Amino acid sequence: MSERINTPFTNEHFAAYCLRMVGQPYWYGTCGYKATTSLLNRKAKQYPSHYTSSRMSRYKQDIRDKKVVCDCIGGAKGYAWTNGGQAMLDAIGTDSAVSNKYGANGCPDKGANSMFSWAKSKGMDWGAIDTLPEIIGLALHTDGHVGYYVGNGYAVEWRGFNYGCVRTKVKERKWKYWYKLPFIQYGEAAADVSIPEIALGSRLLKRGMVGSDVKALQELLMQLGYALPKYGADSEFGTETEKALQAFQKKAGLEADGKYGDKTHAALMDAVADDDGQPEPPEQPAPEEPAPVGTTVVIVSEGGKVNVRCGNGTEYERLSAVAPGSTFPLVATAQNGWHAIVIGSRVGWVSGKLAKII
C-alpha cells in the first residue's frame with residue numbers, strides 16, 4: 001500500500017491526490033490550471049453562462065489566493081495531464097505555474113458523460129452504484145457529473161461553483177454508476193487511503209476540508225479550551241470546528257470568518273507559545289558530520305505536538321506544530337543538532353532532541 005500510494009497512476013495515488021485537492025475551487029471547463037486573469041478572460045468568452053458578472057469577485061479572489069482550478073471531470077484530466085497531479089499540488093498557494101500537457105498519459109479530452117462511455121468502450125469494469133466495490137479511485141457517474149471514490153463511503157467531487165472540491169458521502173448524492181478509469185492502474189485487492197498528511201499552516205483551511213492539518217488545528221483549539229464536544233479532532237473541518245475557530249478569532253481580535261489563513265495561524269501559534277510539547281531532555285552533543293541529504297526525519301516526542309520553526313532555535317518564529325510520528329524529508333542538520341525539513345512547500349526546522357533521522 002505505501003509503495004502504491006506513492007506511485008503515480010495507481011488508484012491509491014489518484015485517491016490521495018483527490019483528497020489533497022479538497023478546498024480548491026470549481027471553474028467550469030478547466031482541467032488542473034492555475035487560476036490567472038488570462039485564464040478567467042478566456043473561459044468567460046468561451047462559457048459566458050458560467051462566468052457571469054455576479055461570480056467575478058469570487059473568481060478574482062481565487063486568483064489572488066493562487067488556487068488551482070478544475071471542473072468535475074477536469075479533476076481526473078488534470079491529474080493525467082500533469083503526470084500524476086504533483087504540479088497541481090505544488091502550485092496551490094504559490095507562484096508556481098502548472099505544466100499541463102493536453103491528452104497526456106492516455107487520457108483524452110472527454111466530458112463527464114463521454115468519459116464514462118469511453119471507459120466502457122475500453123472494456124473497463126463498471127456497474128450500478130448499489131454494487132460499488134470497496135476500491136478507491138473509482139469514478140462515480142450521474143448524468144453530466146462525476147466524482148471519485150476515496151473509501152469508507154466517501155467521495156471527492158468538484159461539485160460546482162458554490163462548493164468547489166469537497167468530500168461527500170456517496171449515499172447522500174445521486175450517483176447512478178461506478179466505473180474504472182482506463183488511465184488508472186487498479187490493484188487486485190481492495191484498498192484504503194488515509195487522511196492526507198499536510199502540515200498545519202501550509203494551506204488555507206475552511207469548512208469541508210480534510211487532512212492532518214485540520215486535526216492539528218482541532219487539537220490546538222481544544223488545548224486552548226475551545227470545546228469540540230460532538231466530533232473532537234476527527235480531521236474534518238465541519239460546522240463545529242468553524243464555530244470554535246470563529247470564537248478563537250474573535251478573542252484574538254481577528255475577523256471571525258471561520259477560515260484558517262496566515263493571520264489566524266500566526267495568532268494560534270502565539271497562543272500556544274508556552275507549550276512546546278514536552279520538557280526538553282538534557283543537551284546533546286552536536287553531530288560531528290552533517291546528516292546525508294535525502295533521508296527522512298521522524299518526530300519522536302513522547303508529549304504533545306512539536307513546533308516547526310523558521311530557524312534552528314526556539315527564538316525563531318513558529319511555522320507549524322506537528323504530531324509525534326510525522327515524517328518529513330531531511331534537507332540538512334545544523335551544528336546545534338536542529339534538522340531542516342521540507343514541510344508543505346517550505347523549509348522549517350525541528351529540534352534534534354525531539355526528532356531523529358531514519
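Predicted model: local features only at pLDDT ≥ 70, side-chain atom pairs only at ≥ 80, totals over all residues.
Student: Let's start with the helices. At what angle do α8 and α9 pack?
Tutor: About 55°. Helix α8 covers residues 212-223, and helix α9 covers residues 239-251. Their axes are 11 Å apart.

Student: So what do we call that arrangement of α8 and α9?
Tutor: Oblique. An angle from 65 to 115 degrees would count as roughly perpendicular, and one under 35 as roughly parallel.

Student: And which hand is the crossing?
Tutor: Left-handed, as α8 passes α9.

Student: Which residues make the contact?
Tutor: From α8, L217, Q218 and L221. From α9, T241, A244, L245 and F248. Of these contact residues, 5 are nonpolar and 2 are polar. None is charged.

Student: New topic. Where is H141 found?
Tutor: In strand β4, residues 139-142.

Student: Is H141 buried or exposed?
Tutor: Buried. Its relative accessibility is 7%, and the cut-off for buried is under 20%.

Student: What does H141 touch?
Tutor: Leaving out residues up to four places away in sequence, H141 touches A112, N113, F116, W175, K176, Y177 and Y179. Take A112: it sits 29 residues from H141 along the chain, yet their C-alpha atoms are separated by 7.7 Å.

Student: Last one, β11. How many of its residues are buried?
Tutor: 5 of the 5, so strand β11 (residues 318-322) is largely enclosed by the rest of the structure.

Student: How does β10 pair with β11?
Tutor: In the antiparallel sense, over 4 bridges. Strand β10 is residues 306-309.

Student: Which residue in β11 is the bridge partner of N307?
Tutor: A321.

Conventions: Residues numbered from 1 in each chain as written. Heavy atoms only, no water. Axes fitted to C-alpha atoms, helices over the stretch in contact; angles between N-to-C directions. Helix = DSSP H or I, 4+ residues; strand = E, 2+ residues; numbered from the N terminus. Parallel < 35°, antiparallel > 145°, perpendicular 65-115°, else oblique. Left-handed = near helix turned anticlockwise from the far one by under 90°. Contact = heavy atoms within 4.5 Å. Nonpolar A, V, L, I, M, F, W, Y, C, P; charged D, E, K, R; others polar. Buried < 20%, exposed > 50% of the residue type's maximum accessible area, 1.4 Å probe, protein only. Pairing = 2+ DSSP bridges.
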